[in-house]
Amino acid sequence: MEYRKTEIDGVYILEPRVFNDARGYFFEAWKKEDFEEHVDKVDFIQDNESKSSYGVLRGLHYQKGIYSQAKLVRVIKGKVLDVAVDIRKSSSTFGKHVMVELSDENKRQFFIPRGFAHGFLVLSDEAIFTYKVDNIYAPQHEASIRWNDEEINIQWPINLKDVVTSEKDLKASSLKDAELFD
């Protein structure tokens, strides 16, 4: 596995070594010792999976306080554009984001530490998205920032009329009004 640092400290893109032959392929998707050596010690406690269709945009989500979560995300089927936004007020990269394409073809993974909002846009007809988290889901501590927040200025590569999102995400806070990390 190759661990590529991004322009935001703590956010990594993981490029697996994929072994292909006539039967198909094999790769190591997760190896605790290797991850801790290159990234950090993270105690993942749960795996989640979602299925979405073209144009679905989920995010920008995060959990606050002691319920914040680090995530290791990847796509099993299809293609998404995945985004991590730094919402740590004391960070030199506050409000900046990293964007990466994840697909069943490139088999990349994206590590998003605590202190970030996260979202993704489905670019294929269908996508199956899976991720590990290091903390429980606590709905009373959940928060969202608008996916089209002008200050963050994410350039989503889709006609905005084709975006499909939830009512909750439509009512999300702006970055300037959101409850953030120190």
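Is N153 buried, partly exposed or exposed? Select N153 and find out: it is partly exposed, with a relative accessible area of 45%. (Buried means under 20% relative accessible area, exposed over 50%, and partly exposed in between, with a 1.4 Å probe and protein chains only.)

Before we move on, a word about the model. It is a predicted one, in which local features need pLDDT of at least 70 and side-chain atom pairs count only at pLDDT 80 or more, while totals for chains, interfaces and linings use all residues. Residues are numbered from 1 along each chain as its sequence is written, and side-chain values use heavy atoms, with hydrogens and water left out.

**Stop 1: two loops**

Stay on N153 and look at the backbone. Its phi is near 60 degrees, a positive value in a residue other than glycine. N153 sits in the loop between β13 and α2. (Helices, H or I with at least four residues, and strands, E with at least two, are DSSP runs numbered from the N terminus.)

Now select K107, in the loop between β9 and β10 (109–112). K107 has a positive phi too, about 55 degrees, and is not a glycine. K107 is buried, with a relative accessible area of 11%.

**Stop 2: the six-stranded sheet**

Next, color the strands of an open sheet whose order is β1-β2-β10-β7-β12-β5, with antiparallel pairing. (Two strands pair if DSSP finds at least two bridges between them.) At its edges are β1 and β5, each pairing on one side only. On average, neighbouring strands here are turned by 25 degrees against each other, direction ignored. (Axes are lines fitted to C-alpha atoms, for helices over the stretch in contact, and angles run from 0 to 180 degrees between N-to-C directions.)

Start at the β1 end. Strand β1 (residues 2–5) is joined to β2 by four bridges in the antiparallel sense, and Y3 has L14 of β2 as its bridge partner. These two strands make a hairpin with six residues between them, and G10 in the turn has a positive phi of about 95 degrees.

Show the side chains of strand β2 (residues 12–15). Y12 and L14 point one way, I13 and E15 point the other way, and all are buried.

Step across to β10, which runs antiparallel to β2 and is joined to it by three bridges. Here Q109 is the bridge partner of L14. Select L72 and you will find F111 of β10 opposite.

**Stop 3: the five-stranded sheet**

Now select the open sheet with the order β9-β8-β11-β6-β13, where the pairing is antiparallel. Its edge strands are β9 (97–103) and β13 (142–144), each of which pairs on one side only.

Inside this sheet, strand β6 (residues 57–63) and strand β11 (residues 116–122) are linked by four bridges in the antiparallel sense. Zoom in on G59, which stands opposite G119 in β11. Then inspect the peptide bond between G59 and L60: it is cis, with omega about 10 degrees. L60 belongs to strand β6.

D86 is buried, with a relative accessible area of 0%. Its side chain makes a polar contact with the side chain of R88 at 2.8 Å. (A polar contact is a pair of N or O atoms within 3.5 Å; within protein, one must be able to donate a hydrogen and the other to accept it, and residues adjacent in sequence count only if both atoms are side-chain atoms.)

**Stop 4: the largest pocket**

Finally, select H61, K71, H118, Y131 and E142, which lie nearest the centre of the largest pocket among its 33 lining residues. (On a 1 Å grid over the protein atoms alone, a cavity is a set of points where a 1.4 Å probe fits but cannot get out; a pocket is an open set with protein on both sides within 12 Å along at least five of seven lines, and lining residues have an atom within 4 Å of a point.)

The volume of this pocket is about 530 Å³. (Grid points are joined across faces, edges and corners, and a volume is the space filled by probe spheres set on the points.)

Which elements give two or more residues to the lining? They are β5 (46–53), β6, β11, β12 (126–133) and α2 (167–170). The largest share, five residues, comes from β6.
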